[in-house]
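Hi everyone, thanks for coming.

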Amino acid sequence: MTTIKNRQQAIVDDFDFFDDWNDKYAYLIGLGKNLEPFPEDKKDEAHMVKGCQSQVWFDAILDDGRLTFYAVSDAAIVSGLIGLLLKVYSGSTPKEIISSDTDFMSEIGLAKHLSPTRNNGLHAMINYIYDTAQKYVDVSA
């Protein structure tokens, strides 16, 4: 199984492959189109991520010590950001998530190419992932 660091590096390599940001956005949107279906009954206030410009719902399941995240948004770019985050963090242990960093986001230059409100939403989604991992760290140990 690959580590979070390996998956982050794979994302950096994927983004490095493209020369211009239109291609990078197209890649990002493609990630969003491949999201697993999100249950309609979980599109509620309890699963909504606060701080996002678009509507975003997240859920997580702890199975065999690993967190699997599911999420959906009503916006293509945000769905792509979700796809990126799930590619990196889903399937990891809570401890792996908590001990990881988000430096890869700077490496791919995402923050410079997102609007301030999209950046806030990205950070809200990352916070959800880390907060969820923190809740489960003792349970999965």
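Let's start with D14, which is partly exposed because its relative accessibility is 26%. For that scale, buried means under 20% relative accessible area, exposed over 50%, and partly exposed in between, using a 1.4 Å probe and protein chains only. Before going on, a word on the source: this is a predicted model, where local features need pLDDT of at least 70 and side-chain atom pairs count only at pLDDT 80 or more, while totals for chains, interfaces and linings use all residues. Residues are numbered from 1 along each chain as its sequence is written, and side-chain values use heavy atoms, with hydrogens and water left out.

So what does D14 pair with? D14 forms a salt bridge with K87, and the closest N and O atoms are 3.6 Å apart. A salt bridge here is a side-chain nitrogen of Lys or Arg within 4 Å of a carboxyl oxygen of Asp or Glu. This pair links distant parts of the chain, with K87 in helix 3 and D14 in helix 1, 73 residues apart. Helices (H or I, at least four residues) and strands (E, at least two) are DSSP runs, numbered from the N terminus. K87 is also partly exposed, at 38% relative accessibility.

How many salt bridges does the count come to? Six. Another one joins R66 and E96, at 3.3 Å from N to O. Here R66 sits in strand 2 and E96 in helix 4 (residues 94-98), 30 residues apart.

K87 comes back when we look at the largest pocket, where K87 is one of the lining residues, along with others including L31, T68 and S90. The volume of this pocket is about 210 Å³. How do we find such spaces? On a 1 Å grid over the protein atoms alone, a cavity is a set of points where a 1.4 Å probe fits but cannot get out, and a pocket is an open set with protein on both sides within 12 Å along at least five of seven lines; lining residues have an atom within 4 Å of a point. Grid points are joined across faces, edges and corners, and a volume is the space filled by probe spheres set on the points.

Which element gives the most to the pocket lining? Strand 2, with four residues. There is also one cavity of 30 Å³ or more, and the largest cavity has a volume of about 40 Å³. Helix 7 gives the most to that lining, with five residues.

Now the aromatic rings, which pair if the centres of Phe, Tyr or Trp rings (for Trp, the six-membered ring) lie within 6.5 Å; planes under 30 degrees apart count as stacked, over 60 as edge-to-face and the rest as tilted. The count comes to nine aromatic pairs. F17 and F18 are edge-to-face, because their planes are at 85°, with centres 5.3 Å apart. Y89 and Y130 are edge-to-face too, with centres 5.7 Å apart and planes at 70°. Y89 is buried, at 1% relative accessibility.

Last stop: Q8 in helix 1 (residues 4-17). Is Q8 buried or exposed? Buried, because its relative accessible area is 3%. Leaving out residues up to four places away in sequence, Q8 touches V88, Y89, D101 and F104, where contact means heavy atoms within 4.5 Å.
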